[in-house]
Amino acid sequence: MTVNTGELLELAVSVAREAGRMLLDSRPARLEVVGTKSSPTDVVTEMDRAAERLIRSRILAARPGDAFLGEEGGASGEGARVRWIVDPIDGTVNYLYALPAWAVSIAVEVDGEIVAGVVDIPPLGEVFTAAKGEGAYLAGRRLRCTTEVPLDRALVATGFGYERGRRVVQAEVLTHVIPRVRDIRRGGSCAVDLCSVASGRVDGYFERGAQVWDFAAGGLIAGEAGAVIGGLHGRPAGPDMTLCASPGLFKELHDLLVPLDPERDA
Ligand code: IPD
Ligand code: CA
Ligand code: CA
């Protein structure tokens with residue numbers, strides 16, 4: 001099939017919006033937890049699964065030859081040039097509690113590179129988009145991350161894993177970070193946090209344990225807004241560490257984190 005980034009982004013946006021509307025409109029009055037993943041607090045609701053089924057069916061109906069990786073349903077179509085990377089609800093705990101920071105995240109990868117991404121935050125009516133080399137946008141407005149914010153003035157978002165041993169280390173690392181920054185935010189959605197870096201609502205973000213479906217779309221959006229996204233020691237962003245900020249703050253945060261050895265579990 002043809003690969004036109006604009007068309008891929010258009011499909012991603014329309015499918016993300018449809019799933020977002022469904023998640024708002026069809027949320028049961030008593031939303032049940034139907035499963036758990038890495039720990040008893042890492043929950044899945046029927047709506048995570050329904051949203052991913054909807055997204056998968058719409059995308060593969062339009063582009064049957066493409067590969068698909070979804071948090072809930074796993075991978076299909078290995079070997080295709082185009083791969084869709086989807087988190088149907090990033091911020092499920094917020095969705096469960098009816099807090100507004102949750103998002104539908106869809107990224108499109110072509111030949112191993114993320115070229116388009118959308119993060120739809122239905123409760124806020126905000127749709128963040130980016131195409132590689134063409135900037136990041138919210139409601140027609142081009143986004144720029146904050147620049148030249150020193151570490152001690154930086155508002156930094158972070159997140160915590162679901163396993164106890166990981167949280168013990170994350171809490172310990174934070175005791176060294178909090179005294180060095182303006183403040184910390186724990187919003188509950190990696191994709192929303194990365195869009196917040198893109199739009200200057202926070203200055204930076206770091207988290208151990210974020211998966212590709214959490215950061216693929218938001219990472220492109222932040223990158224197209226001028227931020228750097230990566231791991232420690234020049235490695236790419238990944239489950240070991242995902243760090244995102246303007247180039248200067250990225251370095252300061254990186255150098256603060258490295259001696260704390262944050263890529264370990266207790
Ligand atoms: C989670 C959110 C959260 C982050 C966790 C993720 P989920 O995704 O992005 O902010 O701290 O690491 O697992 O489970 O709500 O899709
Ligand atoms: Ca997620
Ligand atoms: Ca999810």
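**Close-up views of pockets, domains and salt bridges**

**View 1. The largest cavity and the residues around it.** Of the residues that line the largest cavity, the largest share, three residues, comes from α4, where helices (H or I, at least four residues) and strands (E, at least two) are DSSP runs numbered from the N terminus. The model is predicted, so that local features need pLDDT of at least 70 and side-chain atom pairs count only at pLDDT 80 or more, while totals for chains, interfaces and linings use all residues. Residues are numbered from 1 along each chain as its sequence is written, chains are lettered from A and ligands numbered from 1 in the order in which they are written, and side-chain values use heavy atoms, with hydrogens and water left out. On a 1 Å grid over the protein atoms alone, a cavity is a set of points where a 1.4 Å probe fits but cannot get out, whereas a pocket is an open set with protein on both sides within 12 Å along at least five of seven lines, and lining residues have an atom within 4 Å of a point. The search of the whole structure finds one cavity of 30 Å³ or more, and the largest cavity has a volume of about 80 Å³, a volume being the space filled by probe spheres set on grid points that are joined across faces, edges and corners. Among the residues that line the largest cavity are Phe-160, Gln-170, Val-173, Leu-174 and Met-241.

**View 2. The largest pocket.** This pocket has a volume of about 650 Å³ and is lined by 34 residues, of which Asp-42, Phe-160, Tyr-162, Glu-207 and Asp-214 lie nearest its centre. Two or more lining residues come from each of β5 (82-90), α3 (92-96), α4 (164-177) and α6 (212-224). By class, the lining of the largest pocket holds 10 nonpolar, 11 polar and 13 charged residues, with Ala, Val, Leu, Ile, Met, Phe, Trp, Tyr, Cys and Pro counted as nonpolar, Asp, Glu, Lys and Arg as charged, and the others, Gly among them, as polar.

**View 3. The contact between the two domains.** The protein is divided into domain 1 (5-142) and domain 2 (151-260), with bounds that come from an automatic or database domain assignment, and the C-alpha centres of the two domains lie 21 Å apart. The contact (heavy atoms within 4.5 Å) takes 38 residues from domain 1 and 21 residues from domain 2. The area buried between the domains is about 2,200 Å², of which carbon and sulfur atoms give 65%; buried area is the accessible area (1.4 Å probe) that two parts lose on being put together, summed over both. In domain 1, Asp-90, Val-119 and Phe-128 lose the most area to domain 2, together 21% of what that side buries.

**View 4. Two salt bridges that join separate parts of the chain.** A salt bridge is a side-chain nitrogen of Lys or Arg within 4 Å of a carboxyl oxygen of Asp or Glu, and by this rule the count comes to 16 salt bridges. In one of them, Asp-111 pairs with Arg-81, the closest N and O atoms being 2.7 Å apart. Asp-111 lies in the loop between β6 (103-110) and β7 and Arg-81 in the loop between β4 (74-76) and β5, so this pair ties together parts that are 30 residues apart in sequence. The side chains of Arg-264 and Glu-172 also meet in a salt bridge (3.0 Å, N to O). Because Arg-264 lies in the segment after α7 (247-257) and Glu-172 in helix α4, the pair ties together parts that are 92 residues apart in sequence.
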